[in-house]
Structures are given as structure tokens and as C-alpha cells.
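Let's take a walk through this structure, one piece at a time. Have the sequence and the 3D view ready.

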Amino acid sequence: MESIPDLDPNKDDLPLCANTNHMLVRHYVLDLAVHIQRKVIAGSIVLFLEPGLASSKQGESGCASNMQDQSQVSTKHDVNSPITPEHNKLIPPEGPPYLIGGMDVGSEDESEEFTLVLDCCDLVVSRVEELDVTTVLEFKKLDVDQRDVNAGLVQRLVSMPSSCWKTQHELYLQCSRSSNIINTQPLQFHMDKWSLQIRKKGVRTPHDFPCAVRIWYETKPTGGSVRWTKDQDGRCCVYTMGSPINNRALFPCQEPPVAMSTWQACVRAPCDFTVLMSGENQAFPEPAETGFQQWDYYVTMPMPASTFTIAVGQWLEAGVKGTKYVDDKLSLPLDSVDQEYICSHMDYPCRFMDGTARVQTVIPHRVFTPSCHLQKAQDMVLPLLPLCLTAAHSVLGVHPFLRLDVLIVPSGFSSLGMASPHIVFLSQSVLTGERNLCGARLCHEIAHSWFGLAIGARDWTEEWISEGFATYLEDVLWSHVQKLGYREAEEQRQLKALLRWRRLSDELQNSEEELQVLRPNKENTGEVSESGASVVKHALNPEKPFMQVHYLKGYFLLKFLADQVGEEKFLHFFKVFVGKFHGQLILSQDFLQMLLDTFPAMSSRGITLETIFSDWLDTPEMPEWLRDERSEWLRTPAVQEVKGEVAKWIHFSGSGGKGSKRKRAGPKVNFKELSPEQLVLLLEFLLEEPNLSASTLRLLQSTYNLQAQDAEVKHRWCELAVKHKHTAAYRDVELFLIHDQAMGVYLYGELMVQEDARQQALARRCLSIIKDDMDQSARTVVEEMIL
């Protein structure tokens, strides 16, 4: 079996080890308990398997390492294992050591045996066993090949039509509770840094491998996929991080995006905790063993394992919303609705073919938060949600998912937001200031329901397919929410485009070129090894989560393409594209080629697939079109207004900013009221000035009430305070670093670079306060700056 060297978790690519070409997980059943005191999640996961595309070959993962050394194979169940099956749950049997990890793994035929390779890290696996699904009574009526009843039953189960999904899920659940096959040894397994490898003695092909496998395991408190921390009320909670290693430290799984599967989960947590998950259903807790409640979730739409999300905490729901938002008078049968959707995906109950879903402008939604943010969530997030959902429906059509929960996550969350099916994580940083930042971010995350979730990237290096689209649609949807006229909307978008151009330009100047390429695998994008294993370039680079190039350059590419055909036609094309590709994974060329075919005039202007690749996706530099457009954005009225205000501030600072001089010179300066986006640009322009007086900074702060503005404005204000050593605002800097951790990472570097003792002490003090609750990537980057 091929092996790869150990990777540096802070510098190298992320291996996707699962041999998905040989075997695919079609369904997961998780049965887990959340142990708050020990900070672990423990229990079992059952995998229902189907031989894959290359299943005629033995095939091993290009990532797995040999199982020759018996000392590396688990040979006993740890007596201190926290795996404590709950009341009425199947108990993993204790047995002599040779029964637990398998025996005689070094036999001479071992190299010929098939190995199931799963992506896995930071897990403690105690036992792997084959299930005997023939004990499920409902299966007795099924006509299956008697030579291999077990495999035949599972194959009948995974191939049931979507119209029978309820029966299918009930059978999955019953199968998951089956006993292991009697008079057989547990399956052999071995773990290395990135994978779990499973064998059955004597089995040489995927077709002969067990089709239903149960794995008993628990997470680790420091596992990279789950974040144990305290919420803003100081209470323990846990949630999934999403990236960079996705869910492999939450459960053994197949991480490559092509491994699309469904799942159902039973999660038990203490009675005063709420369990939120990325399931289709709105779960209600049922009594479990003493002190615990049980939450059951499921999904019927096959999706990559990376989209699985869980959050457990003592959250409160903000307000109470109804669960039905469809006007019955508007509900239409399928044959009376515009037939613009054609399902080309694998079989599942698809909302795009549901006439009622097509006219459901607002899906059921809830907002959860720690108690300290309850009022802000109720006043800001809850009223914005139906407006943003309505705007998304008007632009993109059918909501791909049934419902939406929004959770205000702990302050250590490393982003302003993260979207998963049926749930969005939102940073507390969007709750301050006016509603612009919160509303725009909600629009961004809601847009991911279409681009990033309903349509995903087949190669994870093509992040722009998700983030570029969501950034572009963020502006479109937010202008709908604001009900702006064409001219107002265009001015706002041009101002945002200029701000993004400045951010992209700065990032391109201050980052490694190889991290700036949107399609780093170029013509090899989407390719995997014979087994299905691959690597994600730069995924483990700690600076990558804080880079915006995939958002910004992807956004500008879409803006460039929209300019070629007109926004109205471009957005209509989005809807048509969604209708064709929902429920599928794509590469860049799938979108671009369909666009070029739809608008053939683009080719006559020299815009081809090859030129788009070479100008936008395969090179690190700034495209020429962007340089030209920047000069146009600088001439817009909103930007000119900001420039006029900048001139006033520079003049005021140059005059010494003293009241007595101002009196002798003439009347007091009248500064105009500016929008939050204009304020950001104003502060960015002022950051370019070598000197600003202390009195100017004081007046600037009081004029715009900067400490009460949104996080984007406060960030620029803190940069100004640091640059000019404005000690009166150091408290603002400290509060920003502590409460806006998603945005403050590089501010630590600015505090350190000037070699000012007071500023460096401030940086170190803030780090010492929050380091235990920081995102690990953020902490790594900050500690490199400070230590």
C-alpha cells in the first residue's frame, strides 16, 4: 500500500485519504452523547457502504500507510474509555484482547486484502464491527440473493427510491441497532495521523467487504473539528469549526466532496443544553437517561460530509416565529408553475420540483444566541432574516433547504459567518452599529444555500465557486432588501467595489503568490488518484483562513462577466444555472462554458474559457480589467463626497486642529454625515496620511461616534489609533481585539511592528486574555507575530 510522509499541520496540503473510487458511504447513522465535563462526544457511527466506480480493483488509498506492524494496530478496548452507551442502546461488548482490533494482521495474504480508508484524525476508536442486518424483521419480505443476504439487504436499502425515504430512514435506524455478526472477529483497523483503515480478514475486493459497519469512538477535547469553548455568558459549549480539516475529528468519514451521502443522528446532551444541527427537521428534545435529553435530526439530500454541522450550548431563542410562511392562495401544483428546473442529480426529495416550495418566499427560521445578545439578536437579526430570504428567493428562485437556524457563536469564531445546510453561524461582530454589516452578511450566508451547498465545488481548491458567488450576490440581495433604486444601488455597489479593490490590492502585495491563485491545480483541477484520494493545496496554511482573495477575485470575475452581458441577463442566467446544476458538484468550466454558450457574443470580443483561466483563475496578478474599472469607481458621487470630507480633515489637522485658531480662521467645519461604507473609505484614505494630530483624531472619534459603529469601521479606527499612537483610543483597540476576534488578527501585527513598548504590551495583554478561547488558526498566526 502506498504511503505519504507526515505533513506539517501548519504548512502543508491537506490529504483526502478516503478511497472513494473503491467504496462509497451512502448513509451515516450517528448515535452520540455530549459529555460537557469531559469535553468529548462519544458513541458510535454506522456506515452503509456501496462498492464504488473502481470496485473491480482491490485498490488502496494513496494516503494510507501499511498495517504490517502489529504493535500499531488496536488490540484491546481501553478500560478508561469514556464510551458509555446510553439506556436502551447497544453496548460494545468487552472481550479478550485478540477480539477487539483483529488478529494475525501480519499474515502473508495481507497485502492482497481490501482496505476501506476513511478520513479521520484526533479520534479514539475502540472497536469496529460488521453488522448483521438480517435480524431486522422488516427485511424478511425482501427478495435478495441468498448467497450474501447481508450485502443484498443493504444494497436494496440504499437503492430505495426517494419517495420511500421515511421507510428507508426507519430501516437504516433499525439496521444501525443490529448486533454484530456472531462467531466472527471484529474488523481489523489501524489509525495513522489522517486516516482510519479497516480490513476484514480474507476479503480482497470491495464487493466482498461488509456493507454495514459500526465504529465505536470518541472525540478528543482538542480535536481540530470540534471547538470546545465558553459562550459570551461564560458557559461551556461546543460547535463544529468547518475548516480547515472539516469533520474528520468529529466522526470517521469520507471527506472528498464526491462522497455525497445522507445521514441521521441521535444526540444526547444535558437537559439544559440545546442541540442545533444541519438537519432538515426542526428537532424537539425527548427525555433520555437521567439528566439528558435526546435530539434526532436527519437529511434526505445527499451532500459531502463536510457540510455536517452541530452546535451544543445553553442557547436562547430570540423571539418566536411561525413555522409556515407560504400563502396558501399562492401554492400551485407543479404543472402550473414555470418549468425551468430539470433535476439531473441523484434521486432525493428535491424542493425544486415542489410547486409549493417554488412560491415559498420565506422559509421557517429561528435565531439562537447567548442570553447577553438576546436583545440585539431580536432587534437586528430576526427582523432582517425574512427580508434577506425574500430577496434571495426573488433573485435565485426556490430555497434549496426547508428551514434556517441562525446561531450567534462565541467570540472566538474566526469568521463573520459560516453557512451549512439549514444553519448559519454568525459572529457577534455583526451586531454592532447600523444594520448594514449584519444585513449584508446574512445575504452572503443565505446565498451559500445556492452556491456552496446546493451547488458545490468538485475540487475544494476552487473556493471562488462558493465565496466569489456569495460575495457578488451579497450586494445584489442587500440592495433588494434596502429597496434601493437603480442609481442608488449602483452607487452603493461601486463604492463596495472600490473598497474590495483596495483590500485585494493590499492582499496581493502582502501574501505568497501561490496563495493568490483561484485554480491552483490548473488543468489538473478535479483529478484524483486511482483510489479517489487527493490533497487540498495550502489547506493547512494557518494564514489561509484569513485571506480574502477567493472572495474578492472571484467577486470581481463575476462582476466582469456581468458587465459583458448586463446584470439583468446575468442574474437570470444564475437562476437557469441553478435549475440545471442544483444537487451537483461543479468545476469552474461548468459555469463558464455554459455562460459562454448562452452568450456567444462574448467569444467575438475575445472572451473565451482559455482567456478567463489565464487572466483570472490561473495567475496571481491583478487582471487588467480591474485596473481600468478602479478609475471609474473613484469618480462615483459617493466616493467624491468622501474625498471632499477627507480634504476637510487633512486641512483641519494641518491647521493644528485648535479651536482658537479655527475661530480666527472662520466658522466651524461642517462634516457631512456618511454611510458606514463611506466611513470605512474615509478612514482608509486618512490611514494614508503620514501625520494626523491628536486633536484631529479626538474630533474624528466624536464626530462619527466611531466606537459605536460597526466592526468594519471600528477596525479602521483602531488601525488609525495604532498608526498615530493615539493612546486615548487604546481602550477601543483592546475591546476590538477581545470582542471582534474574527477581524482583529492582523491588528496584532500592527501593534508589534512599530516597536512601541506600550502597544506591544497591549497586544500581549489581549492575547493572554483570549488565547484559550481563540480559534487555533488565529492563535497560531498571532503568536507568530508576538513571540
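Two strands count as paired if DSSP finds at least two bridges between them, and the strands themselves (E, at least two residues) are, like helices (H or I, at least four), DSSP runs numbered from the N terminus. What you're looking at is a predicted model, where local features need pLDDT of at least 70, side-chain atom pairs count only at pLDDT 80 or more, and totals for chains, interfaces and linings use all residues. Residues are numbered from 1 along each chain as its sequence is written, and side-chain values use heavy atoms, with hydrogens and water left out.

Let's start with a sheet. Find the open sheet of 4 strands in the order E9-E10-E15-E12, paired antiparallel. Strands E9 and E12 sit at the edges with a single partner strand each, so one side of each has no neighbour in the sheet. From one strand to the next, the twist averages 15°, an angle between N-to-C directions (on a scale from 0 to 180 degrees) of axes, which are lines fitted to C-alpha atoms, for helices over the stretch in contact.

Now step across the sheet. E9 and E10 are joined by 5 antiparallel bridges, and Lys 230 stands opposite Cys 236 in E10. E10 (residues 236-240) then connects to E15 through 2 bridges, running antiparallel, with Val 238 facing Val 312 in E15. On to E12 (residues 274-277), which has 4 bridges to E15, again antiparallel; here Val 275 stands opposite Val 312.

What happens on the two faces of E15? In a regular strand the side chains alternate between the two faces of the sheet. In E15 (residues 310-313), Ile 310 and Val 312 on one side and Ala 311 and Gly 313 on the other are all buried. Buried means under 20% relative accessible area, with exposed being over 50% and partly exposed in between (1.4 Å probe, protein chains only).

Back at E9 (residues 226-230), have a look at Val 226. Because its relative accessibility is 4%, Val 226 counts as buried. Leu 250 is 24 residues from Val 226 along the sequence, yet their C-alpha atoms are 6.4 Å apart.

Arg 519 lies between helix H7 (486-509) and strand E22 (534-536). Is Arg 519 buried or exposed? At 5% relative accessibility, Arg 519 is buried. Among its contacts are Glu 462, Phe 613 and Asp 618. The side chains of Arg 519 and Asp 618 also make a polar contact of 2.8 Å. Such a contact is a pair of N or O atoms within 3.5 Å; within protein, one must be able to donate a hydrogen and the other to accept it, and residues adjacent in sequence count only if both atoms are side-chain atoms.

Time to go inside. A nonpolar core is a set of buried Ala, Val, Leu, Ile, Met, Phe, Trp, Tyr and Cys residues joined through side-chain atoms within 4.5 Å. The largest one has 154 residues, and Leu 561, Phe 574, Phe 591 and Leu 700 touch the most other members. Helix H4 (residues 374-396) supplies the largest share, 12 residues. Apart from this core lies another, of 62 residues, Ala 311 being one of them.

Finally, the cysteines: the whole structure has 0 disulfides (pairs of cysteine sulfur atoms within 2.5 Å). Cys 388 is buried at 0% relative accessibility, and its sulfur is 3.6 Å from the closest cysteine sulfur, in Cys 443, too far for a bond.

Definitions and conventions:
Contact = heavy atoms within 4.5 Å. Lists of a residue's contacts leave out its neighbours within four places in sequence.
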